[in-house]
Structures are given as C-alpha cells and as structure tokens.
Amino acid sequence: MFFIARYAISVVLLLCTLLTACTPEPSGKQYHIGFSQCVESDAWRKTMLKDMKRELSFHPGIKLSYLQADGNSDKQISQVKELLNNKVDILIISANEAEPLTPIVEEAFTKGTPVIVVDRKIATPFYSAYVGGDNYEIGRMAGEYAINQLQGKGNIIEITGLPKSTPAIERDRGFTAALKNYPSIRIVERVNGEWYKQKAHDELSRIASRYKDINLIFAQNDVMAAGANEVYKSMNAKLPKIIGVDGLPCNGCGMQLVANKRITATMLYPTGGEEAIRIALKILNKDEFKREHLLNTTVIDSTNVRYLQLQANKVDSQQREIENQQSILHRLKTIYNNQRTFLYVLICSLVLALSLGGLVLYSLRENRRINRKLKQQNDEIVEQKDQLEEMSVKARAANEAKVAFFTNISHEFRTPLTLILGPLEELLGATKNQPRQTRNLNLIHKNVIRLLRLVNQLMDFRKIEVDKMRVQATKNDLIAFVNEIIESYQSMAATRTIDLRLITHERQLLVWYDVNMLDKVMFNLLSNAFKFTKDGGYVHIYVSKNEAGDRVVIRVDDNGIGMSEEAVDSAFELFYQGEFENHKGSGLGLALSKQLIHLHKGTITLSSQKWKGTSFEIQLLLGNAHLDKQEIAENPTMPAIYEDEKVYSTGQATEPPDVPEESQKKTEREHSILIIEDNEDLRGFLKARLEAQYEIVEADNGQSGLQQGFDIVPDLIISDVVIPGKDGMALVNIFKTDIRTSHIPIVLLTGKTKTEHQIEGMKNMADVYITKPFSVQFLEQTIKSLLSNRAMLKEHFTSEMPSNLKTTTVGKMDRKFMSEFTALVESNLSNEDFSVEEICKKMGISRVQLYRKVKVLLNVNVNDYILNMRLQKAKYLLQHEEATISEIAYTVGFSSPAYFSTVFKSKFGMTPKAFKEK
Ligand code: FRU
C-alpha cells in the first residue's frame, strides 16, 4: 500500500514537472545589456533612453543596466568599468568625449565584450557596431541650407558642441566643406556651447554686440539654437537665420522652435535608441548585422514642419497606443500566467485526486479481500478452538479417568504390599539363623518398602491435587526430629564411610510443622544425598535460624556427583528422572517435597555444581501465625504419630553377617563367571544364586568389568546393558573382538525390552539377551547350556587327540594362555594362510616362547596342533553339516579338496567321502 501511494505521488510530481517544463518561456535568451550614457539632462538623451526601453519591452527577459555620467568623461570611464564588472553581455556606449573613453572601450572589446557605439564615437576601430546619424552629412546639409538661405553671401556664427566629441567635429567638418566653394559666405566666429543652451547663450552674448547684423547662426543642436534665438531676441536686433540640429517633436524642442519661427530650420538627428537595442540582440543571438548603421536625416523647416509634426504626433499617439497595448498585454500575460499556474495546480490536483481515488479503490478491494481472508481464518480458528476445547474436555476426562484409575490401583497395591510386609517380617524373624534365606528375605523386604513408598508418594500427590491434603502442624523440637531421622541413616553411613552429621548451635528449636510431611521431605533429601554421594564422602545437615530470626533454615549438603544447570532447573518437576542413566529416580520425591514445603508456606531451593556436590535448603516460618486454624492439629501438644515410618525408613537395617553355609563354602569350582552389574542388590542376588556352582567375580562398572574380563578370562560373562563407565553393548563388542576373550559366552541382562535393543545386542555378538524381569532358573539354565555347548565343542575338537594333549592346566595364566591360543586357532581354521608368525604377533610372544609353551601345555607341535584342529573340525562338519567335501575342505583352511582328502585319509585311514557315508 505504501508503495502504491509513493508511486501515485511520483506520477503526479512527474506530471507537474512535465507541465512546468512545457510552460512557454519568453522567446530568446536572458541577456544583460549595459548602457553607458554621457549625459541625460536634455530631451534628446531622454528620448534615446525612452526609445531603447520601448524596444526592450518587446523582448521581455532582457535586463538593462543604465548609468549616465553628467557630461563627465572620468565619471563615464568608471561607470563603464562598473558595468563590465557586473558581467554585462554587451556594452552600449555614447562617449562623452572620444579620446578619454577609447582605452576602456578597446579593453572591453578585446576581452570579448561586444561594444555598440551610439551617437558619439570613440577613437578606435575596436568596437562591434556603430549606430547613429551621419554627423558629417548633417553638417554638410546644414551648410547647403545656409548657402540657400544666404543666397551665396553672408556672415555666419557657428555654435559648436563639446569640441572633443565626434558629432561636434564631424558636423563642423561637413558644414565647412559645404561652404568651401562660397567665398562670400564666411564663418566669422565659432563659439563653444558644449551642447548646452545656457553655455551657448552665455558665449554668444559675449560677442553678439559685435555681430548685430549677423546673417545666420548654425548651432550644432537645437537647444543651443534656442539659446541663440533668445540672445538676439533680447538685443532687439534683426533676428538672424538660425539652423539647429536634432529636430525632436517634443515641447520646446526642434520642430516646435521651427513651427514657432524661433529658428529657421533643424537637421533631423535620430537618437538610434531602438536600432541600438535591435543590433545588440542580433549580436548576442549571433545573427548577421551591419557594423556601421547610419541613420537617415532630413531638413525640417517651415515647408515641412507641420506635416512632420503631425506625423510625429501620429507616431507619438501610435507609440502611446503601443505602450497601452503593451501594458494591456502585460496585464493579460499576468492573468494568463496566473491562470496557467492555477490550471497546472488544478491538473496536478486532479491527477493526484485520481491517483488517490485509484489508491482508495485498490485499498478498499484489498481490504475487502483481507477481511474475507481474515474471516475465513477466523472461522477456521474458531473451528479449531472448538475442536481443541472438545479434545481438551475429552483429554481432561481421559486424564481424570487415568488418574482416578492410577490412584485406585495405587491404593489397591497398598493392601497386598502391606499384606506381604507382615508375613515377611515374621519370616525374617524365623530365619535369623539361615543367612542365605535372611539375605533373600531382606532383599524382598527392601523392595516391598520401595514399592510402598512409591505408591504412597503417588497417593500424596493425588491428595494435594484434589486439595485434600492439609498441614496438621504441631509444635516440635526440630533438632530432636532431625537427629531421629539421621539415626536411621547412620548404619548405611557407617557401611559406606559417609560422614553424616547434624551441625547446629541450637540445643532445641521449637517449630510448627506437620511431622509426617517434614519427615517425608527429610527422608527424600537424605535418600537423594546418599544416592549421589560416593563412599567416603559426606552428608551434612545444618539447622539454624535466619538473620531476621523469623525463619528456620534446614540445609542438606553433600559432596556427591552434583547436577548440571539444566538438571537443577528441572529437579523439582514432577516425573523428572534426573540426568544420570544409572541413577534414575521415580521423579516423585523432590516434586512431592516441594509441594509439602509449600503447604507449610515455606520454601525449598537447590544449588548444585556438577561433580562438586548439591545443597538443598528449606526455610520454614517460625511461630504459627502463618498457619490457618485448620492447619493446626487439634491437640498440638500431643506427640505426633508417624504414619509411614517403615515406608520411609532407609531399608538399610543392619543385615546379619553373611556367614557362608557349609555347602556353599568355597571349593575349587570348574567354571568362573564374571557379573558386571551396578545395582548392588541384583549383583548380590545373582552372586548368591550362582556362587554355589561357579566361581563368581564381580564388577560394578564397565571399566572394572573390562579389566576383570581380561585378567581372569572367565568362562562366562553376565553383564547389564546400562552400566556406568562403559555400556554393556560396547563391552560385548570389545570382548568378542579380542582374541583373548572372543570365545567367552556373554549373557546380556537388561531392562530395555525393545526388539531393536535385542537385535543390537545380538549384533554385538552377545550369546544370549535376557530382559528384566527374568526368571533366575531360566538364567541358570542358560548359563549351564552355554557352558556345556562350549565344552562339547572343545571336546569334539580335542577328542581325537592323544590323551596327553588334554591338559589339566590349573594355573590362571596358563589357562589364559591356552584360551587365547586355542581361540586364535579356532577362529582361523578356515584361513589357509594362517601361520605360526601370525599367532606370535597376535599373542605378543616370540616364536620360541610359543613353541615351548605349547609343547609344555599340550605336548604337541604348534603346526601339528593346527592341522589336527583343522581335521577335527572337518570331521565335525562332515558329520553335522550338509556341505560338500570341497566346501568343507576350504572351510577348514585347505587350499585344495584333493590335498584335504590325502591328509584326511592318512590321519583317519579313510577318505572324507567314505567317512561321511559311514
Ligand atoms: C544631446 C546632444 C544633441 C546632439 C548630440 C550630439 O546631448 O547635444 O543635441 O545632437 O548630443 O552628440
């Protein structure tokens, strides 16, 4: 959506930019024209400026910088510099005097600024164009007119303009040239009027008295001519003919002077203002232009003045009309511009409105689509929610039913367990003098207690869950209470050399608590501590008041195997069984302890460090203000009655010394069995069951199991699958792949019932895989048949050997050597390349040692022994297998069946074929 809005705005902006770009700009470029005027006080100069401005009004966008120098050449030089500094594109100049202004104009031109000289020239050809009247021609025309007026004879006074200005010079030259052929016409005086009326008046006044009968005065401009007229008029002398120059149509200007007969005639001298601007634009636009632009002139006298005045008036009124039109045009343009701007804004707004409209439509559609989708999702969610609710109701009901069943069944367990317990205790008392029975009954007793405890814990949970369990607090001495509990662990602590102590400064500490609950908690904590603490470790119980004196703190510290951070976090969770495979709990004890302490409004926390130890801390409030009325026992001063003493007792009551029965006394037994099992009870039980017939060696972890296996080379190994140190599967693998132990039958015992586990066990070459719980008779039978099979095989292999080969070796090492040697030979019977060297290498002994040892133990040569074994096995296979003679020959390591037959016959007196048939 944001993207679309941005897109719409971009489109509108682009459109506005395009529209603005299409706006018609004033034609032509934007130029800057600089105009340096020598003087501006007279009408002629004012007219020139007006003409320029009027022409410029047709070219909007051209800037005119105008400076006038009041007839001062120095001032004009600095003004030109100023214009050039302002970076004018072209300079128009009417030089006050030619020489002084020449260098600056030349410099400007050579540096690249075009220069248009108007009216008054400069003394250099370095300019771009000249615009102005032909002053020489004007002087000459004035001369002609004078000749005509004087009819070839008479005296003239010439009033000149500023002598160093080019019009003054050229007009004089033209005038003089025209009179050259008329010697009777003389210029009797030349007066410098500097182009000003007053100056001319003053200068002429000085000499006029001498020239009262002067015939003609040629003034180089009309203002000086008017001055002359006034001089002679004031003298009351005969008015001479007066010729002026400029011929402007304005009030008091040349044409009016002629019309009023104050002067005789005037030579038209156009200002050239318009032309100068036009040429400037041509230069700037790089169009073609005429370098010398001389303007036309004419004589204005009484014969044409009226007509010219009329014409001038007309031109003037036309000019005004044009100006009027221009101002109207300007106004219209302004209106047009405003309207155009308005139109653009309107178009932009329209486009924006359309875009936004489109956007809104799109958004609406999008919204509707999203809403539809949301509604659909919502419906689905509602449906799912309903289904979930339905499922959760069902699940709750199922769970309720399950829990109820569980509780009922737990309850049902209690009765039979209790019924077992009673007679059992009776039996225990009756069999005091029969250690073997006593031990078995103790084992049953311990496990019945364990079951009962679990059942009770489950039921306690149920009670807490349904809010039926209430604290029944009595005021008790906590020190005595803890001491009492510790007492029941003392014998176990002594057996396992665990330092069990209560550490406290208090002799007596009266605390309100439910003895049956705290008792369960304490037994749990201590059971845990003992479970995870190694023999020789410590379990310390600290009892003290906290600093504020409002709580009692009970801490149980041990230096056992500790827990990881994750295990600490989950320790109090129901059914969390811990992180140690071989120390798994029920996941009930700690969770129940926490609930029981919470019922007391107390806290129980735990801190632990792996491999360092664990510390549990219980805090209970002192006094009974925190307990409800119902939570205080009706008769709180009566000593509390323990409900489950037996159930929570350690089960570690001192057992009668294990006096071996006469029949069990150690005799030399034929076979040895290694039992690898970490569960002490089970290990003890198995040992007790088997030691009558077999020599039993025990190992409680994988490492020692491995060690014993290789040291003793037992006749059979029974191993648990889950044992600390190394797992059972790995052990089987090691034993079965080592020549020294590969022949030993292995029975795997495990709680893992899954078929995959059994397959894995068999893959690792375990001979038998028995799952717990198992029948001991079955185990005993299995052991028997495994050993007899082994014996039969051996018997078979050696039965045909001379009797002196059957050894009765008894030494452990010799037996070990024999096992290794025979096993090595047995496992290589099919290998025809099997050699004495290989045996030496595998057994790590020298050739001589091998020969000597085999000779001593078996009284036979090693090679003979191998050959014998091959033939014995061949015999066995011929009797028991369906294989062909050739197959059997290869199986027992002969390179060819023929050779096998020969050797067999020489040994047994008949061919293998005959033997098989027989
Ligand atoms: C105006 C003027 C005109 C004359 C011209 C000569 O300043 O004196 O009257 O024709 O200059 O440059």
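Predicted model: local features only at pLDDT ≥ 70, side-chain atom pairs only at ≥ 80, totals over all residues.
At the start of H26, which backbone nitrogen does a side-chain oxygen of asparagine 861 reach?

Figure 1. The backbone nitrogen is that of asparagine 863, and the side-chain oxygen of asparagine 861 comes within 2.7 Å of it. Buried residues of H26 include Val862, Tyr865, Ile866, Asn868 and Met869. Arg870, Gln872 and Lys875 are also among the buried residues of this helix, as are Leu871, Ala874, Leu877 and Leu878. In general, an α-helix has 3.6 residues a turn, so residues three or four places apart point the same way.

**Figure 2. The surroundings of the ligand.** Asp42, Arg45, Asp119, Arg120, Pro167, Arg171, Trp195, Asn221, Asp246 and Tyr269 surround the ligand. By class, this shell has 6 charged, 3 nonpolar and 1 polar residues. A side-chain N or O atom of aspartate 246 is 2.3 Å from an oxygen atom of the ligand. For arginine 45, a side-chain N or O atom is 3.0 Å from an oxygen atom of the ligand. Aspartate 42 likewise places a polar side-chain atom 3.0 Å from a ligand oxygen. The ligand taken alone exposes 310 Å², and the protein buries 98% of that.

**Figure 3. Tryptophan 195, one of the residues around the ligand.** Tryptophan 195 sits in the loop between strand E7 (185-192) and helix H7 (197-208). Its phi is positive, at about 80°, although the residue is not a glycine. Most residues other than glycine have a negative phi. Tryptophan 195 counts as buried because its relative accessibility is 10%, under the 20% cut-off.

**Figure 4. Aspartate 70 in the loop between strand E2 (63-68) and helix H3 (73-85).** Aspartate 70 has a phi near 55°, a positive value in a residue other than glycine. Is this aspartate buried or partly exposed? At 46% relative accessibility, aspartate 70 counts as partly exposed, because that value lies between the 20% and 50% cut-offs.

**Figure 5. Alanine 98 in helix H4, residues 98-110.** The relative accessible area of alanine 98 is 8%, so the residue is buried. Leaving out residues up to four places away in sequence, alanine 98 touches Lys121, Ile122, Ala123, Lys164 and Thr166. The C-alpha atoms of alanine 98 and threonine 124 are separated by 8.8 Å, with the two residues 26 apart along the chain.

**Figure 6. Threonine 614 in strand E19, residues 613-621.** Threonine 614 has a relative accessibility of 8% and therefore counts as buried. The side chains of threonine 614 and serine 608 are joined by a polar contact of 3.0 Å. Apart from neighbours within four places in sequence, threonine 614 is in contact with Val556, Asp557, Asp558, Gly562, Met563, Leu606, Ser607 and Ser608.

Figure 7. Of the 918 residues of the chain, 43% count as buried. The chain exposes about 49,200 Å², of which carbon and sulfur atoms supply 53%. Among contacts between residues at least 6 apart in sequence, 70% join residues at least 24 apart.

Note on methods. Residues numbered from 1 in each chain as written. Heavy atoms only, no water. Near = heavy atom within 4 Å. Polar contact = N/O pair within 3.5 Å; in protein donor to acceptor, adjacent residues only side chain to side chain. Areas by Shrake-Rupley, 256 points an atom, 1.4 Å probe, with all protein chains shown as cover. Nonpolar A, V, L, I, M, F, W, Y, C, P; charged D, E, K, R; others polar. Buried < 20%, exposed > 50% of the residue type's maximum accessible area, 1.4 Å probe, protein only. Helix = DSSP H or I, 4+ residues; strand = E, 2+ residues; numbered from the N terminus. Contact = heavy atoms within 4.5 Å.
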